[in-house]
Amino acid sequence: LALGYDSTRVRLADNTVKEWGRMPNGNVVTQPTTVSGLTDAVQVASSFDAACARRATGGVSCWGNTSNWGGSGNVVSTPVAVTFPSGNVTHITLGQGWGCGQRGMAVDCFGYNYAGQFGNGTSGNIVGPTNTGLLTTKVFAGGLHSCKFNQYYGAVDCAGYNWDGQL
């Protein structure tokens, strides 16, 4: 189950994805609709204007605003493959106009890094998944902040905007 700003997506037992609510193209869908082209989804992530599915192959496909992952900025309703640096993606998470994928403990992020939420001391737009140099057990995205959990040290490290004490 993945909740966007005003949409919902769910991966079903047959590895397909259904979605409803306000779609990235602005249309409102009130009944669950199958996302075309996804028959092997193992995880789904959702954001304000995009969604991504981690596939059984270790690849990632996204739909919505393509500028979030290095595309032209067009809005697409059919998932397109997103190329990560190397290796299988083991976890995907999306924030507001940005996201991160993990390959093992390596973290690759993409999109609008407005507030330094990638957590590696950088800011600005990153076109396409780029290795952040960070290692963590799991990364989670909020709107404009992220938190990384390292189970080996029992530590949580957060970065990005801290308007309301979310870090």
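**Exercise 1. Is Glu19 buried or exposed, and which residue does Glu19 form a salt bridge with?**

Step 1. Keep in mind that this is a predicted model. Glu19 has a relative accessible area of 9%. The cut-off for buried is under 20%, so Glu19 is buried.

Step 2. Now look for the partner. Arg9 forms a salt bridge with Glu19, and their closest N and O atoms are 2.7 Å apart.

Step 3. Arg9 belongs to strand E2 and Glu19 to strand E3, so the pair ties together parts that are 10 residues apart in sequence.

**Exercise 2. Which parts of the chain does the salt bridge between Asp40 and Arg55 link?**

Step 1. Start with the contact: the closest N and O atoms of Asp40 and Arg55 are 2.7 Å apart.

Step 2. Find the two ends. Asp40 sits in the loop between strand E4 (28-34) and strand E5 (41-46), while Arg55 is in strand E6, 15 residues apart, so these are distant parts of the chain.

Step 3. Look at the accessibility. Asp40 is buried at 19% relative accessible area, and Arg55 counts as buried at 18%.

**Exercise 3. What does Asp6 form a salt bridge with, and where do the two residues lie?**

Step 1. Asp6 forms a salt bridge with Arg22, with 3.5 Å between the closest N and O atoms.

Step 2. Asp6 is in the loop between strand E1 (2-3) and strand E2 (7-11), and Arg22 is in strand E3 (residues 17-22), so the pair ties together parts that are 16 residues apart in sequence.

Step 3. Asp6 counts as partly exposed at 32% relative accessibility. Arg22 counts as partly exposed as well, at 41%.

Step 4. For the tally, the model has 4 salt bridges.

**Exercise 4. Why is strand E7 largely enclosed by the rest of the structure?**

Step 1. Count the buried residues. In strand E7 (residues 60-65), 6 of the 6 residues are buried, so the strand is largely enclosed by the rest of the structure.

Step 2. Go through the neighbours. Strand E6 (residues 50-55) runs antiparallel to E7 and is joined to it by 5 bridges. Strand E8 (residues 75-82) is also antiparallel to E7, again with 5 bridges.

Step 3. Zoom in on Cys62 of E7. Cys52 stands opposite Cys62, and Cys62 stands opposite Val80 in E8.

Step 4. Finish at the turn. The hairpin of E6 and E7 has 4 residues between the strands, and Gly58 there takes a positive phi near 95°.

**Exercise 5. What is the order of the open sheet of 3 strands, and which are its edge strands?**

Step 1. The order is E13-E14-E15, with antiparallel pairing.

Step 2. E13 and E15 are the edge strands, each pairing on one side only. Neighbouring strands of this sheet are turned by 20° against each other on average, direction ignored.

Step 3. E14 and E15 are joined by 6 bridges. Ser146 stands opposite Ala159 in E15.

Step 4. Visit the loop between E14 (145-150) and E15 (155-160), where Tyr152 is placed. Tyr152 is exposed, with a relative accessible area of 58%. Together with Met105, Leu135 and Tyr153, Tyr152 makes a nonpolar surface patch of about 530 Å².

**Exercise 6. Is Thr136 buried or exposed, and what lies 2.8 Å from its side chain?**

Step 1. Thr136 lies in the loop between E12 and strand E13 (138-141).

Step 2. At 3% relative accessibility, Thr136 counts as buried.

Step 3. The backbone oxygen of Phe149 lies 2.8 Å from a polar atom of the Thr136 side chain.

How values were computed:
Residues are numbered from 1 along each chain as its sequence is written. This is a predicted model: local features need pLDDT of at least 70, side-chain atom pairs count only at pLDDT 80 or more; totals for chains, interfaces and linings use all residues. Side-chain values use heavy atoms; hydrogens and water are left out. Patches are made of residues with over 30% relative accessible area and no salt bridge: like charges are joined within 9 Å, nonpolar side chains (Val, Leu, Ile, Met, Phe, Trp, Tyr) within 5 Å. Accessible areas come from the Shrake-Rupley method with a 1.4 Å probe; for residues, only the protein chains shown count as cover. A salt bridge is a side-chain nitrogen of Lys or Arg within 4 Å of a carboxyl oxygen of Asp or Glu. Buried means under 20% relative accessible area, exposed over 50%, partly exposed in between (1.4 Å probe, protein chains only). A polar contact is a pair of N or O atoms within 3.5 Å; within protein, one must be able to donate a hydrogen and the other to accept it, and residues adjacent in sequence count only if both atoms are side-chain atoms. Two strands pair if DSSP finds at least two bridges between them. Axes are lines fitted to C-alpha atoms, for helices over the stretch in contact, and angles run from 0 to 180 degrees between N-to-C directions.
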